[in-house]
Amino acid sequence: MESIQSTTPERTLALRSSLFSGASSAASKEVVSAAHEKEFESGQAIFCQGDPVRQVLLLISGCVKLLQVGANGNEIILRLSGPGELIGISDSHIRTHNSTARAQQPCTVLAWEISTFEALFERHTFLRRNMLNMLLHHLDDMHERFREISTERVAARLSSQVIRMMHQVGRRVNGETAISISREELAQLTGTTLFTVSRLLADWGRQGIVAARREVVSIRNLRALVDLSETADQQPLK
C-alpha cells in the first residue's frame, strides 16, 4: 500500500490522537508518512491471541474489541477501543499478542511495521512519553473497573461503564449516542450476570434512559444515567 500523504483526511484524523500530543508538525508528518492505511470489516480479526506482533496499529475510525480466550474456549472482553487509541498497546514491547483484536464495526487503522516504529520510537521523545501516558490511562481504567466491582452495586457499575464507553466509542445516530456492545459483554465488563444486565437495561428502557437492541445500547437521557450512577453508588452493598 502507498504511504499516507500529509493532505489526506486520514492523516488529519490520526493527528488528533494523544499519540501526537506535543509533537512538532515536522515530526508528526515523519511518523504518519511511515505508516500505511488498513481497513477491516465488522467482525474481522485484526490480530489473534498468540500471533507474533508484526505491526503497531493506530485506530482512526470505528471501534475495536479486545478479548482473550480462556482454557474452556470462552471469549472474555477486556476493552473497547475507539478512534485515536493504539490497538493492543500493551503488546508493543513483547513479540506475541496476549489478546485478540476484532473490529466491532468497520474500522480504519494506520499501521507501522514493528521495525519501522521501533526506529521512530527511539528517535522521537514524544512517542515514548505519549505511549507511556496511554498505557497509564488504560491501567487507570482497569483499576477503576476493579474498584467498582469490589465496592459498588451492579446498577452503579453498569451505568458507570455505559458512560465510560460513551466517551470512548460512542457515535451519534439519530440524535442519540450509540455504543456497539452486547448485553453479555456488558455483563463481563461489570462483573455480573447476563440476566441482571438485561433486567436493568429493560428497566432503564421503560424510563426512557437507554434503548437496548441487539449488540447496541443507545443513550437517550445522559443526565438520568449519571443520576442513576450516583444514586445507586450511595446505596449500601448487600
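Is Ser-42 buried, partly exposed or exposed? Ser-42 is partly exposed, at a relative accessible area of 48%, where buried means under 20% relative accessible area, exposed over 50%, and partly exposed in between (1.4 Å probe, protein chains only). The model is predicted: local features need pLDDT of at least 70, side-chain atom pairs count only at pLDDT 80 or more, and totals for chains, interfaces and linings use all residues. Residues are numbered from 1 along each chain as its sequence is written, and side-chain values use heavy atoms, with hydrogens and water left out.

Ser-42 sits in the loop between β1 (36–40) and β2 (45–47). Helices (H or I, at least four residues) and strands (E, at least two) are DSSP runs, numbered from the N terminus. Apart from neighbours within four places in sequence, Ser-42 is in contact (heavy atoms within 4.5 Å) with Ala-103, Gln-104, Gln-105 and Pro-106. Ser-28 is 14 residues from Ser-42 in sequence, and the two are 29 Å apart in space, C-alpha to C-alpha.

Ser-28 belongs to helix α2 (residues 25–33), whose buried residues are Ala-27, Ser-28, Val-31 and Val-32. Seen down the axis of α2, these buried residues fall within an arc of 125°, so they line one face of the helix; the arc is that of the directions from the helix axis to the C-beta atoms. The face of α2 turned away from the buried side carries the exposed residues Ser-25 and Ala-26. An α-helix has 3.6 residues a turn, so residues three or four places apart point the same way.

Helix α3 has a buried face as well. Ile-114, Phe-117 and Leu-120 of α3 are buried, and seen down the axis of α3 they fall within an arc of 125°, so they line one face of the helix. Those buried residues pack against α2, β3 (55–61), β8 (107–113) and α4. Exposed Ser-115 and Glu-122 are carried on the face of α3 turned away from its buried side.

The packing of α3 on α4 can be described in more detail. Helix α3 (residues 114–123) and helix α4 (residues 125–151) pack at an angle of about 100°, with their axes 5 Å apart. Axes here are lines fitted to C-alpha atoms, for helices over the stretch in contact, and angles run from 0 to 180 degrees between N-to-C directions. The angle makes α3 roughly perpendicular to α4; angles under 35 degrees count as roughly parallel, over 145 as roughly antiparallel, 65 to 115 as roughly perpendicular and the rest as oblique. On the α3 side the contact is made by Phe-117, Leu-120, Phe-121, Glu-122 and Arg-123, and on the α4 side by Thr-125, Leu-127, Arg-128 and Met-131. These residues divide into five nonpolar, one polar and three charged, where Ala, Val, Leu, Ile, Met, Phe, Trp, Tyr, Cys and Pro count as nonpolar, Asp, Glu, Lys and Arg as charged, and the others, Gly among them, as polar.

Next comes the pairing of α4 with helix α5 (residues 154–169), which pack at an angle of about 165° with their axes 10 Å apart. That makes α4 roughly antiparallel to α5. Their crossing is left-handed; a crossing is left-handed if the near helix is turned anticlockwise from the far one by less than a right angle, and right-handed if clockwise. Asp-141, Glu-144, Arg-145, Glu-148 and Ile-149 of α4 meet Arg-157, Ser-160, Gln-161, Arg-164 and Gln-168 of α5. By class, the contact has one nonpolar, three polar and six charged residues.

Helix α6 (residues 183–190) and helix α7 (residues 194–206) pack at an angle of about 110°, with axes 8 Å apart. That makes α6 roughly perpendicular to α7, and α6 passes α7 in a right-handed crossing. The contact is made by Arg-183, Glu-184, Leu-186, Ala-187 and Thr-190 of α6 with Leu-194, Val-197, Ser-198 and Leu-201 of α7. This contact has five nonpolar, two polar and two charged residues.

Two loops remain. Asn-174 lies in the loop between β9 and β10 and has a positive phi of about 55° although it is not a glycine. Most residues other than glycine have a negative phi. Asn-174 counts as exposed at 77% relative accessibility. Gly-175, in the loop between β9 (171–173) and β10 (176–179), is exposed with a relative accessible area of 56%. Gly-175 and Arg-220 are 45 residues apart in sequence and 8.4 Å apart in space, C-alpha to C-alpha. Glu-215, in the loop between β11 (210–213) and β12 (216–219), has a positive phi near 60° and is partly exposed, with a relative accessible area of 45%.
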